[in-house]
Amino acid sequence: HDFATLHLNIIRKQAGYKPVPNGARMYLSLQLLHGTVAQLKESGQLGTEKNISVARKLGFPEIIMPGDVRNDLYITLVSGEFQRDQKKSHKNIECEICVVAQGGQLVQNCIVPGVSVEKATSYRGTVLYHNNYPMWEDIIKFDIPFDQFYSAHLRFTFMHKSTN
């Protein structure tokens, strides 16, 4: 089973999944809050948590306000199909993505791994064990500087990772 489609398989109640043993649990609580972050902090609705991360909406608003600069590029690493070659077993495929400037040098710190996380120079996808048809379904956000946006390109490197 592929990790990228795990949730679909569970929803469809496909066989091959066992319940988690008692004692191994994770609880998640969600609450819909209305207002800006400043309003929520002022009213005390956010509690006493100091390090609250705010993620911007994936996509763009109907109206872009003056001074609101966004040069976001989103790509989705969906899947791949690789040959076994002379090996007896399938490969362990890893994908690395980086941004290369016109002169061939890497664009530093332009990949955004997540909210409140430092930007990275390269992205490395999950290595799927013995799978020649990996499905990642990873959404990667790039924040490429304006002066390099049109002259830079993305470099995808696919490699076999040994388990040794």
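Predicted model: local features only at pLDDT ≥ 70, side-chain atom pairs only at ≥ 80, totals over all residues.
Modeller: Residues are numbered from 1 along each chain as its sequence is written, and side-chain values use heavy atoms, with hydrogens and water left out.

Colleague: What makes C95 buried?

Modeller: Buried means under 20% relative accessible area, exposed over 50%, and partly exposed in between (1.4 Å probe, protein chains only). C95 has a relative accessible area of 0%, so C95 is buried. C98 has 3%, therefore C98 is buried too.

Colleague: Where does K141 lie, and what does K141 touch?

Modeller: K141 lies in strand 5; helices (H or I, at least four residues) and strands (E, at least two) are DSSP runs, numbered from the N terminus. Leaving out residues up to four places away in sequence, K141 touches D72, L73, Y74, C110, I111 and V112, where contact means heavy atoms within 4.5 Å. The C-alpha atoms of K141 and L73 are 5.8 Å apart, although 68 residues separate the two along the chain.

Colleague: How do you know that strand 1 pairs with strand 5?

Modeller: Two strands pair if DSSP finds at least two bridges between them. Here 7 bridges join strand 1 to strand 5 (residues 135-143), so the antiparallel strands meet that rule. S79 stands opposite M135 in strand 5. The open sheet has 3 strands in the order 1-5-3, with antiparallel pairing. Its edge strands, strand 1 (72-79) and strand 3 (111-112), each pair on one side only.

Colleague: What makes a nonpolar core, and which residues touch the most other members of the largest one?

Modeller: A nonpolar core is a set of buried Ala, Val, Leu, Ile, Met, Phe, Trp, Tyr and Cys residues joined through side-chain atoms within 4.5 Å. The largest has 18 residues, and I97, V99, W136, I140 and F142 touch the most other members. Strand 1, strand 2 (93-100) and strand 5 each give two or more residues, with the largest share, 4 residues, coming from strand 2.
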